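This report describes selected side-chain surroundings in one protein model. The sequence and structure come first, and the notes follow.

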Amino acid sequence: MIEDFVVPFSSPAAAAPSNNNHNYYIVMICQHASPYEIVQLAIQDFWLVCIARFGDAPLVKCIGRWDVMCSYIPAHLHYILLELLTNA
């Protein structure tokens with residue numbers, strides 16, 4: 001089962017937006033988090049887990065607006081998305 005695997009973050013900013021500017025952060029909350037970029041990172045990690053466990057991975061498409069920014073905790077959103085994908 002995929003949930004047997006734990007995918008560690010390579011760094012605390014692993015789920016942070018690519019414009020990793022520390023001025024956007026208040027403690028752990030990123031004021032300009034890109035949900036699209038966080039979803040893409042979760043999809044990549046999901047793909048790696050599937051390849052490691054099963055030798056193949058399903059195609060996952062991210063459809064929606066790519067230009068949206070929000071204030072949120074990127075690592076939390078990444079964790080939730082990775083859990084949803086691995087349990088799907």
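This is a predicted model: local features need pLDDT of at least 70, side-chain atom pairs count only at pLDDT 80 or more; totals for chains, interfaces and linings use all residues.

**Nonpolar core.** The largest nonpolar core has six residues: Cys30, Ala33, Ile38, Ala42, Leu77 and Leu81. Two or more of its residues come from each of β2 (29-33), α1 (35-54) and α2 (74-86). For Leu81, the contacts beyond its neighbours within four places in sequence are Ile38, Val39 and Ala42.

Ile80 also lies in helix α2. Between the C-alpha atoms of Ile80 and Ala42 the separation is 8.9 Å, with the two residues 38 apart along the chain.

**Asp45.** Helix α1 contains Asp45. Asp45 is buried but forms no salt bridge, and Arg53, the nearest side chain of opposite charge, is 17 Å away. The Asp45 side chain does have a polar contact of 2.7 Å with the side chain of His78.

**Cysteines and accessibility.** How many disulfides does the whole structure hold? The search finds zero.

| Residue | Relative accessibility | Class |
|---|---|---|
| Cys50 | 2% | buried |
| Cys62 | 25% | partly exposed |
| Ile80 | 33% | partly exposed |

Buried means under 20% relative accessible area. Cys50, at 2%, is therefore classed as buried. Cys62 is classed as partly exposed because its value is 25%, and Ile80 is classed as partly exposed because its value is 33%.

Definitions and conventions
Residues are numbered from 1 along each chain as its sequence is written. Side-chain values use heavy atoms; hydrogens and water are left out. A nonpolar core is a set of buried Ala, Val, Leu, Ile, Met, Phe, Trp, Tyr and Cys residues joined through side-chain atoms within 4.5 Å. Buried means under 20% relative accessible area, exposed over 50%, partly exposed in between (1.4 Å probe, protein chains only). Helices (H or I, at least four residues) and strands (E, at least two) are DSSP runs, numbered from the N terminus. Contact means heavy atoms within 4.5 Å. Lys and Arg count as positive and Asp and Glu as negative; His and the chain ends are not counted. A salt bridge is a side-chain nitrogen of Lys or Arg within 4 Å of a carboxyl oxygen of Asp or Glu. A polar contact is a pair of N or O atoms within 3.5 Å; within protein, one must be able to donate a hydrogen and the other to accept it, and residues adjacent in sequence count only if both atoms are side-chain atoms. A disulfide is a pair of cysteine sulfur atoms within 2.5 Å.
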